Amino acid sequence: MTQYEFKEILDNSKKPVCFAHRGASSLAFDNSIQALEKALALENVRGIEFDVQQTSDGFLVVHHNFALKINGHEEWLYNLTLADIRRVYDNKQLPLFEDVLNLLKSHNKIIDIELKCKGIARKVIDKCKTINVYSSCILTSIYEEINREIKEEDSQVARIYGYPRDRGKNLAMKKWTQPLVKAIVVYMKFNLINKVPMILKMAETPFISLYHKIISKEVVNFLHDKGAYCITAIIDLEKNITDRGASNAIEKLKDLNVDLIKTDHPQLM
């Protein structure tokens, strides 16, 4: 899908557009076949978002976290072979990229693929073209180098650039980091309006995705004034956002006039 085509969809849709984040991940295991199938069954869902990484032996797999628990220890996914992963997770829990594309190809949904590691943009694009879904795909990244890599491979494809990012072994999800995470979120929200011009310039795309807790009306208005689009992700980092909490966040974001909401709770929109 080109940038122009994605703009047309956002401009001509009832706001905000709803994307299922990692599938309907509040109803099933993140990025699992079950979560994706539950999201596909929701009429209000315009797009399906999921994450792609690469194993040490070159397989593209659909999973969000950079680390997996293997034998009680967290291991970097990129250091694991597919066989290592299959000892713990079957293909429904942690599917192959091509199996997810084949699941989605017969549905009229936008396919939002977040690339989590470097060096896979060409493989991802080629696989999408081979399975004949590339015209429905947009590509997302929260890392500058991956964003540039996508642009170098296809300058016309719709790219979403996200902020902020987490490079650690799922550090933002650890209980011991939560006081620090909360303090950082407050700081980010206070300073975001000063950072947005730099983010927009660095991204070289009008589609900017921001963590829902740091967005303000001022930020949304700035992006709209620049001809850009405010996309937000309601991310349930600790798996403790209730339906009521998600509903409240969705209503607040609607009031802020964001263009698209990626949410783990798409059934509530």
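V88 lies in the loop between α3 (82-86) and α4, where helices (H or I, at least four residues) and strands (E, at least two) are DSSP runs numbered from the N terminus. The model is predicted, so local features need pLDDT of at least 70 and side-chain atom pairs count only at pLDDT 80 or more, while totals for chains, interfaces and linings use all residues. Residues are numbered from 1 along each chain as its sequence is written, and side-chain values use heavy atoms, with hydrogens and water left out.

Is V88 buried, exposed or partly exposed? With a relative accessibility of 37%, V88 counts as partly exposed; buried means under 20% relative accessible area, exposed over 50%, and partly exposed in between (1.4 Å probe, protein chains only). Leaving aside neighbours within four places in sequence, V88 is in contact with K69, I70 and Q93, contact meaning heavy atoms within 4.5 Å. The C-alpha atoms of V88 and N71 are separated by 8.5 Å, and these residues are 17 residues apart along the chain.

Helix α4 comprises residues 97-104, and its buried residues are F97, V100, L101 and L104. They cover an arc of only 100° around the axis, which puts them on the same side of α4; the arc is that of the directions from the helix axis to the C-beta atoms.

Two packed helices are described by the angle between their axes and the distance between the axes. Axes are lines fitted to C-alpha atoms, for helices over the stretch in contact, and angles run from 0 to 180 degrees between N-to-C directions. The axes of α2 and α4 come within 11 Å and cross at roughly 20°. That makes α2 roughly parallel to α4; angles under 35 degrees count as roughly parallel, over 145 as roughly antiparallel, 65 to 115 as roughly perpendicular and the rest as oblique. The crossing of α2 past α4 is right-handed. A crossing is right-handed if the near helix is turned clockwise from the far one by less than a right angle, and left-handed if anticlockwise.

Which residues form this contact? From α2 come I33, L36, E37 and L40, which meet V100, L103 and L104 in α4. By class, the contact of α2 with α4 has six nonpolar, no polar and one charged residues. Ala, Val, Leu, Ile, Met, Phe, Trp, Tyr, Cys and Pro count as nonpolar, Asp, Glu, Lys and Arg as charged, and the others, Gly among them, as polar.

The axes of α4 and α5 come within 10 Å and cross at roughly 35°, and α4 passes α5 in a right-handed crossing. F97, E98 and L101 of α4 and V124, K127 and C128 of α5 make the contact. These residues divide into four nonpolar, no polar and two charged.

Helix α5 also packs against α6, at an angle of about 50° and with the axes 9 Å apart. That makes α5 oblique to α6, and their crossing is right-handed. In this contact A121, R122 and I125 of α5 meet E149, I150 and E153 of α6, a set with three nonpolar, no polar and three charged residues. The buried residues of α6 (residues 144-153) are I146, N147, E149 and I150. They cover an arc of only 160° around the axis, which puts them on the same side of α6.

The backbone also deserves attention. Most residues other than glycine have a negative phi, and most peptide bonds are trans. The bond from K15 to P16 is cis, with omega near -10°, and P16 is in the loop between α1 (3-11) and β1 (17-21). A cis peptide bond also joins Y163 and P164, with omega about 0°; P164 is in the loop between β8 (159-163) and α7.

E204 has a positive phi, near 55°. E204 lies in the loop between α7 and β9 and is partly exposed, with a relative accessible area of 47%. T205 lies in the loop between α7 (178-203) and β9 (207-211), but is buried, with a relative accessible area of 4%. Not counting residues up to four places away in sequence, T205 touches Q3, R159, Y161 and L200.
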